[in-house]
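Dear colleague,

Please find below the sequence and structure that I am handing over to you. My notes on what was found follow directly after.

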Amino acid sequence: MPGQLTAFGPGRVNLIGEHTDYNQGLALPLAIEAGVTVRARVVDGREVEAVALDLDEVDRFPVGEPGRGEGWRAFVRGAVGELQRAGVSLPGAHLEFSGTVPRGSGLSSSAALEVALVLALLGLAGEPEPPRIELAQLCSRIENDWVGAQTGMLDQLAALCGQTGHALRIDFRTLEVRPVPLDLEGHRLVTLDSGEQHANARGGYNRRRAECARACELLGVESLREAVPEMARDLPDPLDRRVAHVLGAEERVDEAVRALAERDLPRLGKLIDQEHASLRDLYEVSTNAVEETVQSLREAGAIGARIVGGGFGGHVLGLLPPDATPPSGAVEVTPGPGARLL
Ligand code: GLA
């Protein structure tokens, strides 16, 4: 059993396919270089002590009885609780973490933290790593059952399965993850902060998920993956628009995969724009601050710009041609490897 180790979980951006994961659809995310680092060591006794270095906050709880916590504490207690429920015998531990993905940014600092914590704790316990899909399912239970955000598995699969130089085509019905080479021919992907924080465990996100579940009930289908565009038309507003977004996003994912294979960057840019328009008008998860941020990316020459992640604030993703100067504050993102022990 190693006494001390360091684990890293990356954030993610998603090229196309937002709010499709909990509808068993398709998405095309990539793990990014920024993320969360967890340093962990075994300590005597049966207590976990966790330190959020960026916030200068501490949490302590008995390893066998993590109990509930708020904010970042819910993630740590959830990681300890879920691993033990999965039969992992955990030692007393000191954990400390810090991140380079801003919280509430839409770049999934949550999944970055979950996956880094879980890899660190598995390492301390001296357990072999289960398949990454299983780990993603475990991390998603932390989010659903401990944090209270009814999120799907987009973020966890992207953070765990990321590959340098690749996006991932994920099919959430089969959980097949297929790496897609991301050759942007000199174009750059950048993110720009809208200045507005979002929180998936609050309001809007869970409401959208409930609307999709209601649409399934009315349509008599298990998931929206089984629905076709004609069916959406008979639904009452806004459910018809929610379903139209999800079904459109699925088509855009495979079109984007084709555009990448053909190195058709203008086409990829158009698809990114269409995804944004759909998230704004049909799924209604944009805000004024996000629209202004999209606008500044366009003015800088972006050939596609859109909100990323759950919405209601957070960062905007832009695709910039080789000669464009990114607006001030924009950060370039490149596809990096998935979560790992360092
Ligand atoms: C958040 C959730 C994901 C996914 C996206 C929207 O990031 O955590 O599960 O639903 O929103 O695509």
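Pro238 sits in the loop between helix H6 (229-232) and H7; helices (H or I, at least four residues) and strands (E, at least two) are DSSP runs, numbered from the N terminus. The peptide bond leading from Asp237 into Pro238 is cis, with omega near 10°. Phi of Ser108 is near 65°, a positive value in a residue other than glycine.

Before you read further, please note that this is a predicted model, in which local features need pLDDT of at least 70 and side-chain atom pairs count only at pLDDT 80 or more, while totals for chains, interfaces and linings use all residues. Residues are numbered from 1 along each chain as its sequence is written, and side-chain values use heavy atoms, with hydrogens and water left out.

Helix packing

The axes of helix H5 (residues 204-219) and helix H7 (residues 239-261) come within 10 Å and cross at roughly 95° (axes are lines fitted to C-alpha atoms, for helices over the stretch in contact, and angles run from 0 to 180 degrees between N-to-C directions). On the H5 side, Arg208, Glu211, Cys212, Arg214, Ala215 and Leu218 meet Leu239, Arg242, Val243 and Val246 of H7, where contact means heavy atoms within 4.5 Å. The residues of this contact divide into six nonpolar, no polar and four charged (Ala, Val, Leu, Ile, Met, Phe, Trp, Tyr, Cys and Pro count as nonpolar, Asp, Glu, Lys and Arg as charged, and the others, Gly among them, as polar).

H7 also packs against helix H8 (residues 265-281): their axes come within 10 Å and cross at roughly 170°. The two helices are therefore roughly antiparallel to each other. Residues of H7 that meet H8 include Arg241, His245 and Ala249. By class, the contact of H7 with H8 has seven nonpolar, three polar and six charged residues.

Ligand site

Of the 13 residues around the ligand, Glu18, His19, Asp21, Asp155 and Tyr205 come nearest; a residue is near if one of its heavy atoms lies within 4 Å. An oxygen atom of the ligand is 2.5 Å from an N or O atom in the side chain of Asp155, and the side chain of Tyr205 likewise has an N or O atom 2.5 Å from a ligand oxygen.

Yours sincerely

Notes
Polar contact = N/O pair within 3.5 Å; in protein donor to acceptor, adjacent residues only side chain to side chain. Parallel < 35°, antiparallel > 145°, perpendicular 65-115°, else oblique.
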